[in-house]
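Colleague: Please take a close look at one part of this model for me. I would like to hear about the salt bridges.

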Amino acid sequence: MLWTSTGTCALGPYRPDLVETYWRWEQDPSLLVGYGRQSPESLEARTEGMAHQLRGENIRFTVYDLADDSPVPVGVSTLLPDHGVRTAEFVIMLAAEARGRGLGREATRLTLDYAFHVTNLRMVWLKVLAPNVAGVNAYAKAGFQKAGTLRQSGYWLGQVCDEIIMDAVASEFSGPSAVRKLFAP
């Protein structure tokens with residue numbers, strides 16, 4: 001089941017049957033560097049974590065590539081909401097084979113579209129390590145703007161680096177809306 005889509009990308013439910021696939025993506029060294037996390041996780045720990053995630057209040061999507069005849073899971077996007085102030089932190093993870101084709105940008109836009117038009121959040125924010133230029137550019141193309149810098153708060157390839165804070169606000173979300181299209185006459 002797909003909830004919302006563009007011509008190339010879709011969001012669907014976060015699926016317990018994909019825990020091993022999610023885990024495999026998370027063990028990719030480039031993801032470990034990009035998240036600033038230094039150690040891999042066991043499949044057993046990831047499976048336990050999945051059970052906890054499915055019970056939580058966070059909003060998680062499986063990201064699908066629509067290039068082939070049937071949708072192929074290629075990542076996860078997550079909103080970590082603070083309902084008291086109607087904001088959320090955004091996190092995305094893409095499989096190595098899905099990167100560099102615009103799927104991250106599309107999945108980010110779809111997640112923002114959902115955040116603003118279904119969940120009714122007013123602002124979504126993220127942190128990205130400053131040396132991750134490709135990530136910063138993809139987030140900017142999807143609608144995020146630089147909001148500030150956390151100096152020397154992260155690590156990139158063993159070196160201390162800054163983290164960039166980016167945000168997107170509902171009142172500035174422009175372009176086509178896959179959610180609004182669902183309700184068009």
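Modeller: A salt bridge here is a side-chain nitrogen of Lys or Arg within 4 Å of a carboxyl oxygen of Asp or Glu. This is a predicted model. A search of the whole structure finds five salt bridges. Three of them follow.

Start with Asp 65 and Arg 101. Their side chains meet in a salt bridge, 2.8 Å from N to O. The pair links distant parts of the chain, 36 residues apart. Asp 65 sits in strand S3, residues 59-65. Arg 101 sits in the loop between S5 and H4. Asp 65 has a relative accessible area of 10%, so it is buried. Arg 101 has 47%, so it counts as partly exposed.

The loop that holds Arg 101 also holds Arg 99. Arg 99 forms a salt bridge with Asp 28, with the closest N and O atoms 2.8 Å apart. Again distant parts of the chain are linked: the two residues are 71 apart. Asp 28 lies in the loop between H1 and helix H2 (29-35). Asp 28 is buried because its relative accessible area is 18%, under the 20% cut-off. Arg 99, at 32%, is partly exposed.

Helix H1 (residues 19-26) brings in another pair. Its residue Glu 26 forms a salt bridge with Arg 46, and the closest N and O atoms are 2.7 Å apart. Arg 46 belongs to helix H3, residues 43-55.

How values were computed. Residues numbered from 1 in each chain as written. Predicted model: local features only at pLDDT ≥ 70, side-chain atom pairs only at ≥ 80, totals over all residues. Heavy atoms only, no water. Helix = DSSP H or I, 4+ residues; strand = E, 2+ residues; numbered from the N terminus. Buried < 20%, exposed > 50% of the residue type's maximum accessible area, 1.4 Å probe, protein only.
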